[in-house]
Amino acid sequence: MKKHKLLAISMATLLSFTLAGCSKSSSNQSSTDGNATVKDMKGEELNKIEKDDKEKEKYLVIDVRDAKEYNEGHVKHAINIPVGDIEKNVDRLSAWKDKKVVTVCNTGKKSKEAAEKLVKAGFKDVTNAQGVKDYKDYEISKFTTLLADDFQKAIDEKKGQFIDARDSKDYDKKHIEGAINVDSKKLDDLEAKLPKDKEASIYTYCYSGNRSAVVAKKLTELGYKNVFNAFDGVKEHEYKF
């Protein structure tokens, strides 16, 4: 009798472990296959991506610090959306829901929070990068990178000086009213073509944001405080001008 009782207890125990194991395995599979998760990225990798003109086209990098910290210096090509404003900007970022999005801040804490908000909103490929205070070798820029809607708004309002960094033949065909044409490889005489007021707003654009970023960087080195570069060039967005 005792043997039968012990056998029954042993079988019940074995069955409970088996069911628990199956349940756990099923849960892990669901979490992996059904939900996007936030990935991590070393600063070295992000720095390499942002320095590669072709590779950077595959990524949208969002600096989630406040505007003051962003303006003091940020990862090259990163746009600025403070962590508290992520949810209200989900719709304007919708074109990137199925593409690669990277968040970054000082230490990775705020950017992780922002990344989790994006995943919750349906973004499928979100990565949290090493912070700018933790990785000291980021190429730092001090111009503001604008998404297409903000750049179009600047065109419509006709504020500031526009600089077109495309080839002269394309500039001659069509360009933003009042824009000057600049060769990004010949910038020695750039300052002579610009407003003397270092607080003047200057907007740069080209085909895909690369040549114009070179010009924008030069402008900040010349002391201009309000420099804005179009993240999307004319090959990527049909601006109205």
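This is a predicted model: local features need pLDDT of at least 70, side-chain atom pairs count only at pLDDT 80 or more; totals for chains, interfaces and linings use all residues.
View 1. Side chains of opposite charge can pair when their charged atoms come close. Across the model, the count comes to 20 salt bridges.

**View 2. D167 and R211 meet through their side chains in a salt bridge.** The N to O distance is 2.8 Å. D167 sits in the loop between β9 (161–164) and α6 (168–173). R211 belongs to helix α7 (residues 211–221). The pair therefore ties together parts that are 44 residues apart in sequence. D167 is partly exposed, at 29% relative accessibility. R211 is partly exposed too, with a relative accessible area of 32%.

**View 3. E57 forms a salt bridge with K56.** Their closest N and O atoms are 2.8 Å apart. Is K56 buried or exposed? K56 counts as buried, because its relative accessibility is 1%. E57 counts as partly exposed, at 26% relative accessibility.

**View 4. A salt bridge joins the side chains of D170 and K169.** Here the N to O distance is 3.5 Å. D170 has a relative accessible area of 15%, so this residue is buried. The cut-off for buried is under 20%. K169 has a relative accessible area of 51%, so this residue is exposed. The cut-off for exposed is over 50%.

Methods: Residues are numbered from 1 along each chain as its sequence is written. Side-chain values use heavy atoms; hydrogens and water are left out. A salt bridge is a side-chain nitrogen of Lys or Arg within 4 Å of a carboxyl oxygen of Asp or Glu. Buried means under 20% relative accessible area, exposed over 50%, partly exposed in between (1.4 Å probe, protein chains only). Helices (H or I, at least four residues) and strands (E, at least two) are DSSP runs, numbered from the N terminus.
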